[in-house]
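Please take me through this model in the viewer, one selection at a time. I would like to know what to select and what is there.

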Amino acid sequence: MNSGGIDSARPATAAIVRHAVFPVAGLGADFLPATKACPKEMLPIIDRPMIQYAVEEAAAAGLTRMIFITGRGKRAIEDHFDSAYELEHELEARADHEALHNLRAAVPPGVTFSYIRQREATGVLGALRMARSLLGTAPFAVVLPDQLFESERPALAQLLDVFAECRSS
């Protein structure tokens, strides 16, 4: 995951993929006890939850529809990318423009979010099967938000370039 200076310049041919699927229904057992009450994807890396880095990279790679396959206890992910009217109003009243900007920046412009709740964690393949109802036959990227990569150009953008060239995963 690119943690700064995300460059969204990509060849036009790579624009054929618009959907990102985030299989985030897992239990986060590797991160216990921190994940007992907080989804693994919401654990902070510096100043943002790790899911934020994943969405930012997907948006920088040109993906515009983020599809989350969630599970029990993952409501914080949905809340993170939703509007927080009361909080925004309070920050406006305090004239805390920097905090307000940071709050609103959590949602990249032009991006939509969809959520499907998985009743039981059945792994990545189970999550992808559930996403099929929203994807149809459209190509998509699978983003695992706990896999962080540092690169000059987002790793996902590089993968999408290869897909555009080969028309194959």
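Predicted model: local features only at pLDDT ≥ 70, side-chain atom pairs only at ≥ 80, totals over all residues.

**Stop 1: a helix pair**

Select residues 85–93, which form helix 3, together with residues 97–104, which form helix 4. The two axes come within 8 Å and cross at roughly 155°. Angles over 145 degrees count as roughly antiparallel, so helix 3 is roughly antiparallel to helix 4. The crossing of the pair is left-handed.

Now show the side chains where the helices meet. On helix 3, pick L87, E88, L91 and E92; on helix 4, their counterparts are A99, L100, L103 and R104. By type, the residues of this contact comprise five nonpolar and three charged, with no polar ones.

**Stop 2**

Is D47 buried or exposed? Its relative accessible area is 59%, so D47 is exposed.

**Stop 3: the loop at S151**

Finally, select S151, located in the loop between strand 6 (140–142) and helix 6 (155–166). This serine has a relative accessibility of 17% and therefore counts as buried, the cut-off being under 20%.

Which backbone atoms does the side chain of S151 reach? Display R153 and look at its backbone oxygen, which lies 2.4 Å from a polar atom of the S151 side chain. Then display A155, whose backbone nitrogen is reached by the side chain of S151 at 3.5 Å.

Conventions: Residues numbered from 1 in each chain as written. Heavy atoms only, no water. Axes fitted to C-alpha atoms, helices over the stretch in contact; angles between N-to-C directions. Helix = DSSP H or I, 4+ residues; strand = E, 2+ residues; numbered from the N terminus. Parallel < 35°, antiparallel > 145°, perpendicular 65-115°, else oblique. Left-handed = near helix turned anticlockwise from the far one by under 90°. Contact = heavy atoms within 4.5 Å. Nonpolar A, V, L, I, M, F, W, Y, C, P; charged D, E, K, R; others polar. Buried < 20%, exposed > 50% of the residue type's maximum accessible area, 1.4 Å probe, protein only. Polar contact = N/O pair within 3.5 Å; in protein donor to acceptor, adjacent residues only side chain to side chain.
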